[in-house]
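Hello,

Here is the structure I said I would pass on to you. Have a look at it first, and then read my notes below.

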Amino acid sequence: LSVPGRPTGTCVSLVVPPCGNRSLVTVRGAAGEIGPEFLDRPEVAEAVAGAAVLYVTSFVLSTPSRAMIAERLAAAAAASCGRTIFSLNLSSVGLMQKVGDIILGMCARTQWLFGNADELVAFANEVGATTEGEGVMTDVADIAAMVVRFLPVG
């Protein structure tokens, strides 16, 4: 994507050893200009139609136009009759309050859901998952079993 007068997008990742915590600083640049109509470009539509995997991070769900792109990609994968896998990355604990409901709505079309233990716990909390008599879920195995119920069979 080239937008006159706009630089390429940049993302800087800061990782703190030895714990591996990380922080991302992003300047979208030309990528900030992408809207749902971008998927209608013939070369993009062809690439989406031929993709084996469509991978979306939850960061894109934080703005309406980019969330619409993710929704269209999920719909394209669902319409592919099993040729394309839709994958979604939970991306960040801090995003769950903002996009947890969108993620939950997309789970029915998501074959691969990625997240670390903290992200899974935050997602479970955001969607109100609880264990019987124990309140909020914190056990990653229990959360994974709960999340699987939202994903499509097969």
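**What I found**

Y55 has a relative accessible area of 46%, so this residue is partly exposed. Please keep in mind as you read that the model is a predicted one.

Between α3 (96–106) and β5 you will find T110. Is T110 buried or exposed? With a relative accessible area of 0%, T110 is buried, the limit for that being under 20%. A polar atom of the T110 side chain lies 2.8 Å from the backbone oxygen of M106. Leaving aside residues up to four places away in sequence, T110 touches F86, S87, L88, L151 and P152.

Next, have a look at two of the helices, α4 (residues 117–126) and α5 (residues 140–150). Their axes come within 10 Å of each other and cross at roughly 60 degrees, so α4 and α5 count as oblique to each other. The crossing of α4 and α5 is left-handed. On the α4 side the contact is made by A117, L120, V121, F123 and A124, and on the α5 side by V140, I143, M146 and V147.

Finally, here is the chain as a whole. How many helices and strands does the chain have? There are five helices and seven strands, and from the N terminus on they follow the order β-β-α-β-α-β-α-β-α-β-β-α. Taken along the principal axes, the C-alpha atoms fill a box of roughly 55 × 40 × 25 Å. The chain has 154 residues, of which 34% count as buried. Among contacts between residues at least 6 apart in sequence, 60% join residues at least 24 apart.

I hope you enjoy exploring it.

Best wishes

Conventions
Residues numbered from 1 in each chain as written. Predicted model: local features only at pLDDT ≥ 70, side-chain atom pairs only at ≥ 80, totals over all residues. Heavy atoms only, no water. Buried < 20%, exposed > 50% of the residue type's maximum accessible area, 1.4 Å probe, protein only. Helix = DSSP H or I, 4+ residues; strand = E, 2+ residues; numbered from the N terminus. Polar contact = N/O pair within 3.5 Å; in protein donor to acceptor, adjacent residues only side chain to side chain. Contact = heavy atoms within 4.5 Å. Axes fitted to C-alpha atoms, helices over the stretch in contact; angles between N-to-C directions. Parallel < 35°, antiparallel > 145°, perpendicular 65-115°, else oblique. Left-handed = near helix turned anticlockwise from the far one by under 90°.
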